[in-house]
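Visitor: Please show me the structure. I would like to ask how you know what you say about it.

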2 protein chains.
Amino acid sequence: MKSPLIQKIASFIPLSVNDEEIILQLFKERILEKEESFLRIGETCRYFAFIESGLVKYFINQDGNEFIYNFGRKNDFLCDYGSFLNRRPSVKNIEAIERTRLWLLSYEDLKFFYSSVTEGERFGRMNMENVYTETVVQLVSQYTDTPEKRYLQFLRNFPDLVQKMPQYYIASYVGVKPQSLSRIRKRIQEGDLLT
Amino acid sequence: MKSPLIQKIASFIPLSVNDEEIILQLFKERILEKEESFLRIGETCRYFAFIESGLVKYFINQDGNEFIYNFGRKNDFLCDYGSFLNRRPSVKNIEAIERTRLWLLSYEDLKFFYSSVTEGERFGRMNMENVYTETVVQLVSQYTDTPEKRYLQFLRNFPDLVQKMPQYYIASYVGVKPQSLSRIRKRIQEGDLLT
């Protein structure tokens with residue numbers, strides 16, 4: 001049984017036995033305890049990571065409130081690419097919501113991965129295409145969607161999190177107070193917003 | 001003397017004589033006359049392109065007005081990646097401001113480029129990293145910057161266009177009417193906004 005990290009990368013590119021050995025040597029394990037930070041505003045993101053298990057939130061401070069604009073979960077890659085690629089201080093926070101097992105790759109080791117894994121560059125190109133597409137959708141939604149649309153988008157993107165996630169996290173993602181979220185949910189259950 | 005297209009790609013990756021031949025065979029020339037469209041809202045972007053000469057605007061319709069959110073000029077790549085990569089209808093327009101000479105690559109030919117040019121995938125990965133970084137900066141600016149900040153950003157990003165560009169294009173980029181742009185320029189010349 002291959003590790004989840006190897007399975008994830010193999011979903012992009014074929015991996016030889018040698019490629020798998022390189023990957024397993026390069027990525028370093030790290031556990032984030034609940035509420036431990038992966039990245040804070042002002043720090044430079046030093047790692048490209050894979051989430052083997054757990055859950056993280058991406059958030060910024062907006063008008064004094066924590067605004068969660070994304071979640072990362074099991075089987076996702078995790079990175080602030082803007083900070084990581086350009087070695088610039090981040091404008092976001094990334095923090096574990098629950099105990100999270102990560103596999104980390106430094107900037108230098110990612111460059112080594114690209115040049116030494118047989119189709120490493122292809123993986124990089126495909127991953128950046130995905131990241132680009134997801135980030136554009138996320139940013140446009142963050143700035144233009146109504147709370148109702150944000151909530152429907154949450155249901156679509158994170159159906160597995162609806163039950164297990166505390167309500168105030170969902171409210172923060174939607175950009176409203178928890179009591180407003182209850183009203184939005186009620187209206188959606190009544191079918192008002194589904195057409 | 002190498003063609004501008006070859007010089008551009010060679011600024012990312014080393015190119016063999018064979019690589020150059022592949023590239024020159026794959027890219028097809030196209031001239032856009034002044035005000036001719038490269039892409040319209042609702043169309044799927046079919047080409048990744050290189051601008052050998054000329055100037056284009058990227059714009060959307062916002063509250064009934066044309067909002068120019070970016071320019072593409074000589075030596076830039078040109079594409080709506082969100083539409084091109086995901087074969088989805090575009091939500092933007094791209095149009096020539098002046099006569100523009102392009103070199104086009106279709107989606108299928110770009111895939112062929114990646115697999116047949118020696119370091120083609122590396123080019124793709126590096127280009128997508130650049131596109132990611134530029135798009136995030138552009139989107140955040142589009143949604144959060146004040147007109148003054150947008151104008152300073154225009155001066156920084158397009159110093160070569162300040163003189164040659166009609167004022168109403170710059171006003172559209174800044175998100176104001178031309179008369180408001182004059183006031184912003186005056187305040188900046190007086191040094192109010194430069195600190």
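Guide: Start with helix α7 of chain A. The buried residues of α7(A) are covered by elements including β3 (47–62), β4 (65–73), β6 (93–106), α6 (147–157) and α8 (178–189) of chain A. Helices (H or I, at least four residues) and strands (E, at least two) are DSSP runs, numbered from the N terminus.

Visitor: What makes α7 of chain A largely enclosed?

Guide: Buried means under 20% relative accessible area, exposed over 50%, and partly exposed in between (1.4 Å probe, protein chains only). Six of the eight residues of helix α7 (residues 167–174) of chain A are buried, so the helix is largely enclosed by the rest of the structure. The buried ones are A:Tyr169, A:Ile170, A:Ala171, A:Ser172, A:Tyr173 and A:Val174. After α7(A) comes A:Gly175, with a positive phi near 90°.

Visitor: How do you know how far to trust this?

Guide: This is a predicted model, in which local features need pLDDT of at least 70 and side-chain atom pairs count only at pLDDT 80 or more, while totals for chains, interfaces and linings use all residues. Residues are numbered from 1 along each chain as its sequence is written, chains are lettered from A and ligands numbered from 1 in the order in which they are written, and side-chain values use heavy atoms, with hydrogens and water left out. The mean pLDDT of chain A (the predictor's confidence in each residue, from 0 to 100) is 94, and 98% of its residues reach 70 or more. The model scores ipTM 0.93 and pTM 0.93.

Visitor: Why is B:Glu121 called buried?

Guide: Its relative accessible area is 12%. The cut-off is under 20%, so B:Glu121 counts as buried. B:Glu121 lies in helix α5 (residues 120–144) of chain B. Setting aside residues up to four places away in sequence, B:Glu121 touches A:Glu121, A:Arg122, A:Arg125 and B:Tyr114. Contact means heavy atoms within 4.5 Å.

Visitor: Why is A:Lys34 called exposed?

Guide: Its relative accessible area is 58%. Exposed means over 50%, so A:Lys34 qualifies. A:Lys34 sits in the loop between β1 (28–32) and β2 (37–39) of chain A. A:Lys34 and A:Glu98 are 64 residues apart in sequence, but 4.3 Å apart in space, C-alpha to C-alpha.

Visitor: What puts the buried residues on the same side of α8(B)?

Guide: In α8(B), B:Ser180, B:Leu181, B:Ile184, B:Arg185 and B:Ile188 are buried. They cover an arc of only 140° around the axis, which puts them on the same side of α8(B). The arc is that of the directions from the helix axis to the C-beta atoms. On the other side of α8(B), B:Lys186 and B:Gln189 are exposed. The buried residues of α8(B) pack against α6 (147–157) and α7 (167–174) of chain B.

Visitor: How do you know that the copies meet through the same surface?

Guide: 100% of the interface residues of chain A are also interface residues in chain B, so the surface is the same.
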